Amino acid sequence: MKTTGGIAAVVIVLAAGALGWLYFEGRLDREKPVIQLDSDISAIGRKKDIGITFADERSGLSGLKVEIVQDNKPHLLAEETFPSRSTRQKVLRLSVEPLTLQMNNGPAVVRITARDASFFKNETVVSEQVRIDTVPPQVYVLCPVNYINQGGAGFIPYRTSKPAALSGVFVDERFYPGYNIVIGGKPTSVAFFALETGAAAATKIVIFARDNAGNETRTSMPFTIKPKKFRADKVNLSGTFLQQIMPEFQATIPQLQGKTPAEAFGYVNTTLREENAKTILSVCRKSINKRLWEGAFHRMRNAASMALFGDQRTYLVDGKPFGSSVHLGVDLASTAHAPIEAANHGIVVFAGPLGIYGNAVIIDHGLGLFSLYGHLSAIETTVGKNVKKEEKIGASGLSGLAGGDHLHFSILIDGQFVNPQEWWDPHWIEDNVMKKMAI
Ligand SMILES: [Zn+2]
């Protein structure tokens with residue numbers, strides 16, 4: 001018993017010694033705490049959110065302090081002490097509101113201090129030079145918008161009183177980014193935007209600008225919506241049609257194996273249609289900062305319009321409604337395997353299979369404007385290629401959700417479908433875009 005007790009005592013002494021060593025070793029730390037800002041704070045607007053991470057791995061933090069100093073006058077933003085010495089890391093989020101602090105526009109310094117819990121009280125001080133700017137950018141609209149068609153496009157050129165980090169147009173909640181170009185020898189921003197086919201009279205168009213300091217301006221833009229009549233039709237899905245069309249989808253989509261053609265159509269018309277819309281949106285989110293197109297868009301030669309933009313389709317199976325869709329392009333048909341040509345100058349940004357659109361090509365025409373060509377039997381271009389107006393890019397066909405050989409043609413603005421009719425019309429382009437580009 002005695003021996004066991006002796007061993008236990010030795011073990012306890014050794015353990016205490018080790019713990020004591022660990023404790024002192026930690027507290028003999030000469031390393032300074034680490035301070036890291038999570039974003040650039042060189043410009044501070046009316047309200048600036050700042051995230052700071054403080055860390056001291058060995059002895060832990062004992063205190064921190066954040067101040068903003070202007071004309072030798074410090075304003076305390078945060079101060080904390082950590083008596084337990086067990087805080088290895090602290091993430092601090094705070095907001096600076098210079099107007100509330102009665103600070104002036106101009107230079108200031110954000111001073112961040114952290115001290116550790118070692119015997120040496122190691123201290124790190126970070127001083128960030130900042131510029132306080134609480135003046136929001138002003139937006140000058142160069143010309144009014146007047147009328148916009150339901151399902152149509154709008155165009156606004158505007159200038160800002162100072163460089164904007166981000167600007168564009170909101171149509172209700174949907175944001176269309178502005179592009180910086182030169183008009184009349186002066187830097188100007190322009191934004192194309194779209195109105196949905198069902199856009200209500202209460203739709204709001206707002207020009208938005210945010211400067212480098214985060215100050216924001218929203219300027220309402222008065223305009224009038226021109227109502228447009230869209231067609232509604234019923235499409236009978238015969239057994240023969242479904243049996244012809246669905247195997248193409250069933251061969252590539254595992255979920256559709258073993259389903260009836262009608263069930264497969266239900267999936268294609270909802271889930272696949274939504275997936276394709278997302279792909280198109282992501283392809284069209286990045287556009288070249290330059291107008292590549294010139295004049296009216298080229299319409300497929302000798303082709304009849306089979307379906308129009310905005311057609312509301314109700315599908316019928318055995319006479320009963322079986323899903324619906326809104327047709328967001330124009331269907332054009334001439335002869336089978338007819339040549340398909342680029343509607344205008346641009347850069348090919350998509351070329352390949354695209355679900356319901358079959359083999360498809362998307363061309364970026366710059367400043368957010370795109371054209372899409374669907375149901376092709378052959379694609380004769382590649383992603384990244386510069387194409388000229390009327391250059392051949394493929395041949396018409398019936399790939400995807402198509403009952404006969406035709407071209408599905410769409411125009412998009414930042415991924416939102418608009419009526420191609422406007423872009424085929426030289427007068428509409430002249431009045432709504434080119435005159436405003438010439439200001
Ligand atoms: Zn179509």
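Tyr315 is buried, with a relative accessible area of 4%, where buried means under 20% relative accessible area, exposed means over 50% and partly exposed lies in between, judged with a 1.4 Å probe on protein chains only. Phe265 is likewise buried, at a relative accessible area of 1%. The ring centres of Phe265 and Tyr315 are 5.0 Å apart and their planes stand at 70°, so this pair is edge-to-face. Rings of Phe, Tyr and Trp (its six-membered ring) count as a pair if their centres lie within 6.5 Å, and planes under 30 degrees apart are called stacked, those over 60 edge-to-face and the rest tilted. This pair links distant parts of the chain, since Phe265 is in helix H3 (residues 261-283) and Tyr315 is in strand E21 (residues 312-317), 50 residues apart. Helices (H or I, at least four residues) and strands (E, at least two) are DSSP runs that are numbered from the N terminus.

This is a predicted model, in which local features need pLDDT of at least 70 and side-chain atom pairs count only at pLDDT 80 or more, while totals for chains, interfaces and linings use all residues. Residues are numbered from 1 along each chain as its sequence is written, and side-chain values use heavy atoms, with hydrogens and water left out.

## Other aromatic rings

The structure holds 14 aromatic pairs. One of them joins Phe170 and Phe208, an edge-to-face pair with 5.6 Å from centre to centre and 85° between the planes. Here too distant parts of the chain are linked, with Phe170 in strand E12 (residues 164-171) and Phe208 in strand E16 (residues 205-211), 38 residues apart. Phe170 counts as buried at 18% relative accessibility, and Phe208 is buried with a relative accessible area of 3%.

Ring pairs also link Phe155, Phe192, Trp293, Phe297, Trp423 and Trp428 into a cluster. Trp293 has a charged neighbour as well, for the charged end of Arg291 sits over its ring, 5.3 Å from the centre. A charge sits over a ring if NZ of Lys or CZ of Arg is within 6 Å of the ring centre and within 35 degrees of the ring normal. The charged end of Lys226 is placed in this way over the ring of Tyr147, 5.9 Å from its centre.

## The zinc site

The zinc ion has as its protein donors His327 (NE2), Asp331 (OD) and His408 (ND1), which lie 1.9 to 2.1 Å from it. Donors are N, O and S atoms within 2.8 Å of the metal (3.2 Å for Na, K and Ca), and sites may look incomplete because water is not among the atoms. Along the chain, the donors follow the spacing H-x3-D-x76-H. Asp331 in strand E23 (residues 330-333) and His408 in strand E31 (residues 407-413) link distant parts of the chain, being 77 residues apart. Both Asp331 and His408 are buried.

## Ser371 in strand E27

Ser371 has its place in strand E27 (residues 369-376) and is buried, with a relative accessible area of 0%. The side chain of Ser371 makes a polar contact with the side chain of His365 at 2.7 Å, and another with the side chain of Tyr373, also given as 2.7 Å. A polar contact is a pair of N or O atoms within 3.5 Å; within protein, one must be able to donate a hydrogen and the other to accept it, and residues adjacent in sequence count only if both atoms are side-chain atoms. Leaving aside neighbours within four places in sequence, Ser371 is in contact (heavy atoms within 4.5 Å) with residues including Val361, Ile362, Phe409 and Ile411.

## Two loop residues

Gln150 lies in the loop between strand E10 (147-149) and strand E11 (153-160), and at 13% relative accessibility Gln150 counts as buried. The side chain of Gln150 reaches the backbone nitrogen of Lys228 at 3.0 Å. Not counting residues up to four places away in sequence, Gln150 touches several residues, among them Leu195, Ile225 and Phe230.

Thr203 is found in the loop between strand E15 (186-194) and E16, and counts as buried at 10% relative accessibility. A polar atom of the Thr203 side chain lies 2.5 Å from the backbone oxygen of Ala200.
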